[in-house]
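Hi,

Here is the structure I promised to pass on. Have a look at it first, and my notes on what turned up follow below.

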Amino acid sequence: MSREKIRKEAESLFEGEIRDVLDSCLERVPDGELFCTNLVTLAESVGRDEVASVLSDSRKRKALVPVLAASPYLTGLMAGNPEIFNHVFREGGVWSPPSKETLIDEVLDALAPLEEESEVKRILRRMRNREMVRIGVRDLAGLAEVEETTRALSDLADACLEGAVSFAIREMKKRYGTPICREGAEEKECGFVVIGLGKLGGEELNFSSDIDLMFVYESDRGGTTGIASPDGEKRGEVTNHQFFVKVSEFVSRLISEVTEDGFVFRVDHRLRPDGARGPLANSLRSLEIYYESWGQTWERMALLKARPVAGDADLGRRFEKTLQPFVYRKYLDFIAIEEIKELKERIDLSQKLRSGKLWDVKLGKGGIREIEFFVQVHQIIFGGKNPSLRVRGTLPALALLRAERFISPGEEESLREAYRFFRNLEHRVQMLYGSQTQELPSGRDLELVAFLMGFEKGEELLEEVERQRKKVEEQFGKLFAREKARKEVDVSPEVISLLYGEVPPEEEERLLSGLGFRDVKRGRGHLVFLREGPQPSRLSDRARKYLREIAPLILWEAARTPFPDRAMENVESFFQSVGARTSYYAFFAENPKVISPLVQLFGSSQFLSRFLISHPELVDILLRQDQSEIVKSRTDMRRELGERLVRAEDFEEELAILRTYRNEEFLRIGIHRLGGNLSLEEFSHQLSSLAEVLMGYALFYARREVEKRFGKPGTFRDGDLEREAQFCVLGLGKLGGEELNFHSDLDVLFVYSHLGEGEKLTNSEYFAKVAQRFISILSTVTKEGYVYKVDMRLRPSGSAGPLVVSREAFENYYLKSAWLFERQALIKARFVAGDRELGKSLEKWISWFVYERPLPEGIKEEIRRLRKRMEGELGRERGHVHNIKYGRGGIVDVEFLVQYLQLLHGREFPAVRSQNTLKALYELYRAGILTEEEFTILDEGFRFLRELEISMRLVHDAPVERLTPDDMSVKLLKFRSVEEFEEMYDRVTEAVRRVYDRWMGNGG
């Protein structure tokens, strides 16, 4: 039929205003002949009046016109099933999408009375066709974003699978009886669940997607009950495996078999264990064994999106929990990087093979697959240590990669925009004819797709495709760009000669000396290590190849550190600790940019070096150094740690997680401190925040464990309420002042609110056990180390006093028995864990006790006497041996002077009542108590000494208070010579002592 004839036929069906509407539509669509053909086809099937009523309604017309203009597929579904047209347009289905629960209920209700397989297939296919039209119309009309469309298609698949599983199990039970799991003497019906993988698992189906399925049953231990026959014998008894294979075959047939109504979804089973060769259904235990023993990296990536979609929900949750350790490794699995790189190379190769073909939205260069692969690589590599990345959808994963700073905001925005654009494009390509294709068409079909995408011409669409494609290609190309990264590193010829040249021993020593090595004989041993690897470990050929690649970079970076000898000693110790594990060598070969910060760290900080050598699995933090948070809030730390702890299997794993998190945060904070990214205040606050978060969780677990054995503590009356006794932890010293260093112990007090009797113990006994368990959780040494050492010597009556005290006893002690130094110690008291109401109430009482009550006579003399005793007994300075903390003009001079002035003026000036020395110092200056000169000397002096204390801890890996400066120390502290350091130290400490003496007196 000619173009003119089909147009006239379409116009002849309508008259009046509808004909005017038709003319208006024809002016906008890219192909009037197709539009008219679809219109006539639809009108002849569902009725002219019905179509006219939709066209006369501007809102409904906006939804129908894109279908008629460019989708023979959706038009055909409505023409073949007029009830679909009525549901979508006449009954308002297009405006009110159903929930997944509604769809499932509809399917189950419709299938419940059915006995015939053919009827079940008919119901499922008709529902599928109806929902395909509704979803497609909403999508083309701009009523749904791409996320809604993909989720709706996935919900449809879930609902149809739920119905198919229900019917299949019902029918199989009629033939074989009920499948039973037998665990010892216990028997129960065996569970069965369908796992969706790929786009179905990620709730990202497109209009022509296959659905990737895996069928899982609960246990192989058992079989079916069989069916009683007329002769009284049981028949049809089969194993659970046989039963569920038959169920799986039945479900697949119900969903994928083509009938006169079409099919529901094509089913793909190839992602199951052993692919097409493996059994169709597997028990949970057999899956666990398979993945533990033979699972490959590509299978881990396939399981990233695994989701229970139908059947036994509890079994589905067990499946997820069982397979999670395989998918997300506890520590960074470096060997997987090489395997993932090989997968990427296959993708790159497939792009070359596709050259000359039409561009494929999914598989083409810069297309959907590359975005998905980019996301999944990051999830596989980092999801083990970052539980927040364990999401199924591509867009949610991208957002989390940005939030966790694995990718930049710009990268996330580019990939998100491209992904949404390509998914919309994919849908419109498929909705033309319902074909299982992602190839971008040409000719007239390209113009139709451009129209559906909102472009005037096909050329405009192609331009936008190219723009989006290039953005993806750029990001995808950054993955594992090892060769490019290596070429950008330029090592000296001396390094290459030392490692791989024919150099005589005396020449080796000369070259090593020229690179800055002092112990050149030891340096020659380092060369042997770099050529052959750690001994006695025998490296694999693969590991040796990687070592040969990274050895020049290691030696070159060591030569650029302040002390190459120390750097290489620590490098060698690190690789001795990892032995012959190829994965670590692969990691450095794939990430050469990590080598520089690692070797710099090894040459600068003995504390961080030993930390990494003891915990080599933490090395991946260096990969994220430029992306990790420099400063984290307590809330962030609490959330991060909580997300890990909630996944712990038992108490031992909870303890391990606390220690691992502490180790990771120490390394993060130390790296940023070493890199100059953290000020003194930020550094101390980060460590103090970390301590509070860890104490909070430690106390939670201590309370839980004690409660398991001894029940609840006693209660007290609070008005009309009966309340449980409260318990809290107060921090003193450096913890209270938020001035922690790496080596700091935690000075704490334990206080409970009321005396009383609990379910099994008195409150005193009960909370003593809580405190003991709290200390044990923090200080017990495991393979991950310990969290903190806890110091209780500042509690009432010191080491002779009870571990915990009631509030009444606490207040009575300080009112009646406390020495001045104990009142002075309470200046830094601060609530840090436990019941906030009790803690804040105690803070308020302590502030009253310390600052509001009259001071005893001779306070200045007593504080000066105590300070002098510390200097003599603990400082013990002589010659060039300094004591940063207790020595003359040291940290304690500033602290004692500030605390004396706080006691003296805190009543009149509440602002000076800070637990933090620097804050209190500033408030004393603001109040006019200290002159500007005094404040400057004390502030700068305290900062210098604290910076020195922290730096020496990082440099020497010891709580260095007694300092004997040497070339290494002063160089790492950025001084040019020992003399320059001595001059600075003497100038600062003498100035501090002058101010101290001005206020406290010389005291002889």
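Let's start with Arg130, which sits in helix 9 (residues 117–140); helices here are DSSP runs of H or I with at least four residues, strands are E runs of at least two, and both are numbered from the N terminus. Before going further: this is a predicted model, where local features need pLDDT of at least 70 and side-chain atom pairs count only at pLDDT 80 or more, while totals for chains, interfaces and linings use all residues. Residues are numbered from 1 along each chain as its sequence is written, and side-chain values use heavy atoms, leaving out hydrogens and water.

Back to Arg130: its relative accessible area is 15%, so it is buried (buried is under 20%, exposed over 50%, partly exposed in between, with a 1.4 Å probe and protein chains only). Setting aside neighbours within four places in sequence, Arg130 touches Ile84, His87, Val88, Leu103 and Glu106, where contact means heavy atoms within 4.5 Å. With Glu106 there is also a side-chain polar contact of 2.8 Å (a pair of N or O atoms within 3.5 Å; within protein, one must be able to donate a hydrogen and the other to accept it, and residues adjacent in sequence count only if both atoms are side-chain atoms).

Next, a helix pair. Helix 26 (residues 541–559) and helix 27 (residues 564–578) pack at about 145°, with axes 8 Å apart; the axes are lines fitted to C-alpha atoms over the stretch in contact, and angles run from 0 to 180 degrees between N-to-C directions. Helix 26 brings Ile550, Ile554, Ala558 and Ala559 to the contact, and helix 27 brings Pro564, Ala567, Met568, Val571 and Phe575.

Helix 40 (residues 891–905) spans 21 Å from first C-alpha to last over its 15 residues, close to the expected 21 Å, which is 1.5 Å times one less than the number of residues. It is mostly covered, with 14 of its 15 residues buried.

Two loop residues are worth a click. Glu203 is not a glycine, yet has a positive phi of about 55°; you'll find Glu203 between helix 11 (198–201) and strand 4 (211–217), partly exposed at 28% relative accessibility. Arg405, also a residue other than glycine, has a positive phi near 65°. Its loop runs between helix 18 (394–403) and helix 19 (409–433), and Arg405 is partly exposed at 41%.

Finally, Glu873 is in helix 39 (residues 859–875). Its C-alpha is 71 Å from that of Ser219, 654 residues away along the chain.

Cheers
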